[in-house]
Amino acid sequence: MTIMNATYEAMDDMDLELDSDLEAVDVDLDSAEGEYEPAFSAPRKASGKNGAGGKKNQKGKALLMSVTQATGQQLQLIDTMLPGRDLGAYITSVNSIAILTAEEERELAHQYYYHQDLEAARKLVLAHLRFVVHVAKSYSGYGLSEADLIQEGNVGLMKAVKRFNPEVGVRLVSFAVHWIKAEIHEFILRNWRIVKVATTKAQRKLFFNLRGAKKRLGWLSQDEVDVVAEDLGVDAATVTQMEGRMGAFDASFDGAADADDEELGQSPAFYLEDTRYDPARSVESDDYEKTSTDGLYVAMKELDDRSRDILTQRWLNDDKATLHDLAAKYGVSAERIRQLEKNAMEKVKAFMEA
């Protein structure tokens, strides 16, 4: 509000010739005022120059993005369709969008599905943004920004619109809910903790259902673990493991900078052992590698020429030969080459273990 008033005052003081500027840039004031109408209204400053100041203020409002170059300032309009800026304004905006009837939705879906009409897809997405907000609010208990959850849900909605087939006979909202929840679930799993706590399908299922399955506070008893495992179709060991993961917390590896000696002694950096640079382990590893290489070389010399050549071409060369290549070379079947390879491997293994 203050910036706009200052802009209008600067325009009056400098007595800008907006009429000539408008002719130079060839702007239609009527369409420009409708397109760049801001979300707020500024009071018009009256002028004593026979109404010329009021006329300039009207033109300045229409060209809000360009006339501020005289003062070195740039005004930007607030986009209420971005949940990251003003969540309340965004929710109000999406709730004001009319809901499509079944016939309208089917017609728009046909236009996009058969003719790739992007305008139809845009209308489908906009009409269902309120539903994404409703779904995202049900995941507010994970400590993540509601605006981020809504944006991830919007991504799922757009994926659903892209894959929606109007010939199936279901409404878009019934189809899109699975895509919306899938994107929100993935976002929560990535950002709930620094270390990802759920990677498998069973762990993901427990992550979103374990807390709701608990009948009381505290750790689950073995009987309760068995009941939860049976209800969700997972192993009891996985239930116990996920309960421990979800009850834990992220800890700094080196400890806090202002921690005392006792707290620093409990940080992982003081009790986790790094064995990568242990001289004894390095010597042991090198000795084992040398012994294995020498043993393989001696064992290969004990094989006949054909078996040694088969193992060399099948396992030791950079360009591995196929069974059919070796079969053509020795004039036998591929199955016979496989048998010779297996027998040679068993001989080498027995010699090296002796």
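Predicted model: local features only at pLDDT ≥ 70, side-chain atom pairs only at ≥ 80, totals over all residues.
**View 1. Helices α18 and α19 pack against each other.** Let's start with a pair of neighbours. Two packed helices are described by the angle between their axes and the distance between the axes. Here, the axes of α18 (residues 305–316) and α19 (residues 323–330) come within 11 Å and cross at roughly 150°. Angles over 145 degrees count as roughly antiparallel, so that is how α18 and α19 run relative to each other. Their crossing is right-handed. From α18, the contact draws on Arg-306, Asp-309, Ile-310, Gln-313 and Arg-314, while α19 brings Leu-323, Leu-326, Lys-329 and Tyr-330.

**View 2. Helix α10 and its buried residues.** Helix α10 covers residues 146–163, and its 18 residues should span 26 Å at 1.5 Å a residue. Look along α10 for its buried residues, among them Ala-147, Ile-150, Asn-154, Leu-157 and Val-161. Which helices are included in what covers the buried residues of α10? Included are α6 (87–95), α7 (102–115), α8 (118–127), α9 (129–137) and α11 (172–191).

**View 3. Gln-116 in the loop between α7 and α8.** Our last stop is a single residue. Gln-116 has a phi near 55°, a positive value in a residue other than glycine. Is Gln-116 buried or exposed? With a relative accessibility of 51%, Gln-116 counts as exposed, because the cut-off for that class is over 50%.

How values were computed:
Residues numbered from 1 in each chain as written. Heavy atoms only, no water. Axes fitted to C-alpha atoms, helices over the stretch in contact; angles between N-to-C directions. Helix = DSSP H or I, 4+ residues; strand = E, 2+ residues; numbered from the N terminus. Parallel < 35°, antiparallel > 145°, perpendicular 65-115°, else oblique. Left-handed = near helix turned anticlockwise from the far one by under 90°. Contact = heavy atoms within 4.5 Å. Expected span 1.5 Å × (residues − 1). Buried < 20%, exposed > 50% of the residue type's maximum accessible area, 1.4 Å probe, protein only.
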